[in-house]
Each structure stands twice: as structure tokens, then as C-alpha cells.
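The exercises below are meant to be worked with the sequence and the coordinates open side by side. Try each task before reading the solution that follows.

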There are 2 protein chains.
Amino acid sequence: MAFGGETENFMGISKSYPMIGGESAFNYAQNSGYQRGVIDATKNIIAEAITQKLDIKSPTTTFRIADFGCSTGPNTFIAMRNIVEAVELKYQSMQQGIAQTLEFQIYFNDHADNDFSILFKTLPFSPPYYSAGVPGSFHNRLFPKATLHLGHSSYSLQWLSKVPEEVQDKNSPASNKGEIYCTWTRKEVREAYYSQFKNDWTSFLDARAEELVEGGLMAIQLPGVPHGAVPSQTGAGMLLELLSSCLDDMAKRVIVMNNKFTIERMEFLSQPEKDLFDPILKSLHMRATDEGIIIDHFGTGIVDELFDLLTKELDENRHICENELRTDVDLFVLLKRKSSGR
Amino acid sequence: MAFGGETENFMGISKSYPMIGGESAFNYAQNSGYQRGVIDATKNIIAEAITQKLDIKSPTTTFRIADFGCSTGPNTFIAMRNIVEAVELKYQSMQQGIAQTLEFQIYFNDHADNDFSILFKTLPFSPPYYSAGVPGSFHNRLFPKATLHLGHSSYSLQWLSKVPEEVQDKNSPASNKGEIYCTWTRKEVREAYYSQFKNDWTSFLDARAEELVEGGLMAIQLPGVPHGAVPSQTGAGMLLELLSSCLDDMAKRVIVMNNKFTIERMEFLSQPEKDLFDPILKSLHMRATDEGIIIDHFGTGIVDELFDLLTKELDENRHICENELRTDVDLFVLLKRKSSGR
């Protein structure tokens, strides 16, 4: 097996490579069942966070939610509906009056070349739930100051904003010669990716700190591996280990240093039921997320053959793959916007 | 000449027919110079309205603007930039402090099958000007209560939400047998369209009245003919006369009856310099706006031939067309959201 569906993160992106849209059999909408599982697994955790941790000081008649890295749906719709329901429940138990007049504005963010067309045509919300699409990189500001009450990001923050420059420089000790992703074996490469990952998290957190109201929440889900798990010697395993180690560092240093958020919760999720390993589905899943990057590097000519080959390889290495998949977990981080005074 | 580019309004739309997007030579972006002229002609009027009439009671750090029926750009970008500049100027002259921290949220509304992709990829705004796309019919609510400060709609409100049912019913006295638009000759047809037009305006005004803050403004531009002008015997002329008569009625009765707006200003615009009559451009212009409706009725097969023929007809009837075009004017209506108490 070459590498798994979660390794896109360390390939890096100097421009955006949206998930496959449209009505193709390879589209993200039909090939994101795993990500849907992650959303289901966090439903109760997010509901609990909203009940216990959401702490909006100033009264509002419009509750604003944003999904950062929404892709084309339908996963984003399910996540947003879960949040809306939890917020309504909270307000109903607090003050009858507010809940009755409360309206929601739900913002869907992704790169401008995301397939917003399919997202817009399948939007399931109607008044008092108002939808809007916000195109642009979530490493930059996307909303006016203190206008969001809750931010959500699922399976998006593992994408880097660009390939680190050192990695692209053939004369640098961090040059990633011959590799298509961040290998664990070379310290310089690892550190270059690590540093890019930290920078991207910092720019994300800085932007959200401005956009969220005091007491507002930011819920983040992304792939990782459990502490102490022995990473397999495959690319996927090593990348996941690196990601996990980065995330620990984020939580312990970067988020705290950022000084505008408190970490309210951070844990590993287990999807209640993992699908049985299916080489065809796994290959389709990977194509839905990674085709854009591959076409950009190698052209369109190889794509069909490449994924046919991957399916075959996955099938032939079924035993290894099944074991490896068991080491996958998903991380959940809940941040709360501090008062600006603190 | 069969009918002019402004006659789309009375053909009615039971579903949406977006302006042509993409990079085709027939797209709206390249074939909406006339509409651009209307925006230029209202720049100073809107700036004056913002200076003199905009009257936001509660202080705000985010100023929210929406363009209803934005199409694909770039006209909408020019209109929004004009508004932003006027609002900044107003706040600068009022209180230095507010102007320095003021941020803008600019919403672009059109049907879900509008080409939002090209709109999003060409967005010219960056912080502190934040953009969002809002898909949906502007005959319904699109925003939470009292969240917009200024609404804008240029060359959009002449579109009807649907063909009146009586007109589609072959057994009704209002059946529009054999005609592709609302003819002036048959009273029942005229009244059916007229009634639909009033209903559509009422639903538009009701929705905007909820969405605008007290003292907020709604600026509307649309095609018409001057009072007292003798309508030519062509379809275009008659339709424009009907539109104008409807609009008068709206202003005098429907808007006032709606009771949530005051009419601050209502006048005819003259575009400072009209382009010379060009059969090819006129035909392209019409194709950019009307192709969707025509394809829906007649299929794609006839489109190229139809517009080639139209160009030829326009060229052969150049003298009639030139005279007729001189009777075109554009109407500007400025409404202000009343206090809910009044």
C-alpha cells in the first residue's frame, strides 16, 4: 500500500485543490462516508459543549455559525443541523422568549473553487435558518470582528496552506527528493512540515479569535493516532504520528501562546462502527479528496489508471491495510474565545 | 424587430433562468454594458441618499449590504464598491472613531443556479470588506431579522417569479395564446401579468422590511419609459409602458400600503451617454440575459440561428430600433425602512 486517504495533509498545497464536486461517481458527496462518521461521533460532544461551555455575554437575535472547509455537502449540512439543534435546546431551557425569536445565519466556507454550485442547490435550510457561502482560505480573515458565535471545522485543518519552501528547494537539506509526502525518516523535512503546520494553525486561530464573540466556541475535528500507538512503517502511519505530535504541541503551546482561546476539551474519538475494509471504497474515497493534487502534478492522463492500480494494491495487501486502519483515530478539540480583557 | 432586451420581464419565470456565466462569448459579464451604465448613472444618487437619508439608530461595527439579483459580476462589484465608499465617507464625516473600526459584510444574492463560481473567483474585496454569497429567490426571506443596513437591486425586479397561472391556462380568458410575452392588446392578459407583478413586489418588500434595520435603505433600479412617451407599436415599447405603469402604481399604492417603507426618492435616470445602436451588441446583450428562457421553451438547437437572425433583423430595422431605444429610460426608487413603532 502506498499511502492512505488521510495523507493528503503533508503533501502541502500552494493553491487550493477542492474535493471533487459535480455528479461524477468520484465526487466527494458520495465518497466521504468516513468523514460523516466523524461528524456523527462528535454530535453528542458538541451538543454537550454548547450546553455547558457556550457563554455568549451579549444577547443576540441572530446566532451565527460557520463551517470552515465545508466542501460540497452533505456532511456539512448534518454537522450544522446538529449544532443548530443543540443551540435551540440550550436557549429553550434558558429563556423561553429568546428561543422563540432566535434566527440562525449559517455560513459555509471553503476555497473559491470548491463546488459551491452543488452546495447551494442542495441546501436543506429555510427560514429561520439562513444560509450563505463564504469563499476564501480560512488561514485569512473571512468575517467581520466579533460576529460569529460558533465555528466548526471537520477534517480540514490537516490541509496545509502550502508546501514548505525548503522542501521544494532541491539544494536545501530539507529537500524532499523523490517523495510525494512528508516522510518521517528525514529530520529536516519533518521539521519543515512541522513548522508550516504550526504557522497555519496560528493564522487560523488568530483569524478566528477576531471573528468569534467572547465566550464563543470553536470545535475542530481532524485525523490522528492515539498516544503510544506504534506507528506502522507505512507512509500513512508515519504521517498520522507526526500529525498527532504536532497537535499535541499545538494544544500545549501554540493555542495557549495564542492567548485568545482556552482549551475546553481535547480527546480522541472512536467511530462507533468502522466500515469493513473495502479496497474499492477506500480508493474512491482517496480519489474524491486527492485527485486535484495528483492532476496538478502528473496531468489527467494517469488518474484512472492510478486509482485502478491503487484499488488492486489495496486488495492484494488487504491484511496489512486492515491492521493499519485500526490505528486510525480522530481528534476533537474544543476552544473557547476568551474575553479580550483577559 | 421581434422584441428588445428588456422584455424578459413579462415572459415570466416559474423557475430561475440565470444570466449566462462561464467564459463564453455570450456570457453576462461581457454583455451587460447597458446595466453597467445604469449603475454609473445612479452612483451619485445613491451616494447622496446614503449621506442624507441613511439613518441607523443603533451603533454598528459591521455594516451589512446586500445586492439582490447580483448575477455574475462585474457590475455588482462596481455597485457595491460605490456604496461602500459612500458609507465610509458618511461615517468619516460623522465620527472619526467609528469609521476607523468599521467593517463591511457584502452579500451577493441570486438564484442558486446563478454562476456563483465565477462570482466567487473574481471577488475584488478583501478585509475589512467581507463577501458572502446568498443563494435563493429574493421573493422570500434571505436574511435574519434587522441585520441589513442597505439593500440594492439593479435590473432584477422586472423579473417575475412565475408566469401567471391564468396565462398558462388555455381555457382562461387571460390565456396568452401564441404570444411569448405580455401583449398590451388583451386586457385579461395584461391584468394577469400586472397582478403577478404587484404580488412579486409585495413579497419582495415584505421580506426586505423584515431584514433591514430601522432607518436602513433599499435602492432599486429598473427599466421603464418616461411618462407621456408614446409607446411604439413594438412589443418592447408596450411592455415598457406596462412596466412603467405598474411601477407608478407600486410607488403610489403598493409601497405605501406595505406601510413599512417611506419613499424617499423616485425618478427617471438618463444614462449620460448611450452607446450607439449596434445590432451585434444588442443581440449579444439579449442572449446573455434571455438564452435560458429560450432554451427551456424551444431547446438548444435553435439558439445560434435565432440570435443570428435577430442580429440581421436589428440591422435591417436599424432606423426603427434607434428611434425606439431613445424612449428607454431607467427608474430609480429609494425606500427607507420605517421604525417598527410607526
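**Exercise 1. The extent of the interface**

How many residues of chain A are in contact with how many residues of chain B? Determine also the area that chain A and chain B bury between them.

*Solution.* Keep in mind throughout that this is a predicted model. Begin with the contacts, which involve 26 residues of chain A and 26 residues of chain B. The size of an interface is often given as the accessible area lost when the parts come together. Here chain A and chain B bury about 2100 Å² between them, with 59% of it on carbon and sulfur atoms. On the side of chain A, the residues that lose the most area to chain B are A:F120, A:Y130 and A:P144, which together account for 25% of what that side buries.

**Exercise 2. Polar links and contributing elements**

Count the salt bridges between chain A and chain B, and find which element gives the largest share of the side of chain A that touches chain B.

*Solution.* The count of salt bridges between the two chains is four. One of the pairs joins B:K145 to A:E103, whose closest N and O atoms are 3.8 Å apart, inside the 4 Å limit for a salt bridge. Counting polar contacts gives 10 residue pairs between chain A and chain B, both residues being at pLDDT 80 or more. The largest share, six residues, comes from strand 3 of chain A.

**Exercise 3. The relation between the copies**

What rotation superposes chain A on chain B?

*Solution.* A rotation of 180 degrees, with 0.0 Å of shift along its axis, superposes chain A on chain B with an RMSD of 0.1 Å. That is therefore the relation of a two-fold axis. The same surface serves both copies, since 100% of the contact residues of chain A recur in chain B.

**Exercise 4. A lysine in a strand**

Is A:K336 buried or exposed?

*Solution.* First locate A:K336, which lies in strand 7 (residues 329-337) of chain A. Its relative accessibility is 15%, so A:K336 counts as buried, the cut-off being under 20%. Finally, a polar atom of the side chain of A:K336 lies 2.8 Å from the backbone oxygen of A:K53. Beyond its neighbours within four places in sequence, the contacts of A:K336 include A:D55, A:K260 and A:E264.

How values were computed: Residues are numbered from 1 along each chain as its sequence is written. Chains are lettered from A and ligands numbered from 1 in the order in which they are written. This is a predicted model: local features need pLDDT of at least 70, side-chain atom pairs count only at pLDDT 80 or more; totals for chains, interfaces and linings use all residues. Side-chain values use heavy atoms; hydrogens and water are left out. Copies are superposed by least squares on the C-alpha atoms of residues with pLDDT of at least 70 in both. Contact means heavy atoms within 4.5 Å. Helices (H or I, at least four residues) and strands (E, at least two) are DSSP runs, numbered from the N terminus. Buried means under 20% relative accessible area, exposed over 50%, partly exposed in between (1.4 Å probe, protein chains only). A polar contact is a pair of N or O atoms within 3.5 Å; within protein, one must be able to donate a hydrogen and the other to accept it, and residues adjacent in sequence count only if both atoms are side-chain atoms. Buried area is the accessible area (1.4 Å probe) that two parts lose on being put together, summed over both. A salt bridge is a side-chain nitrogen of Lys or Arg within 4 Å of a carboxyl oxygen of Asp or Glu.
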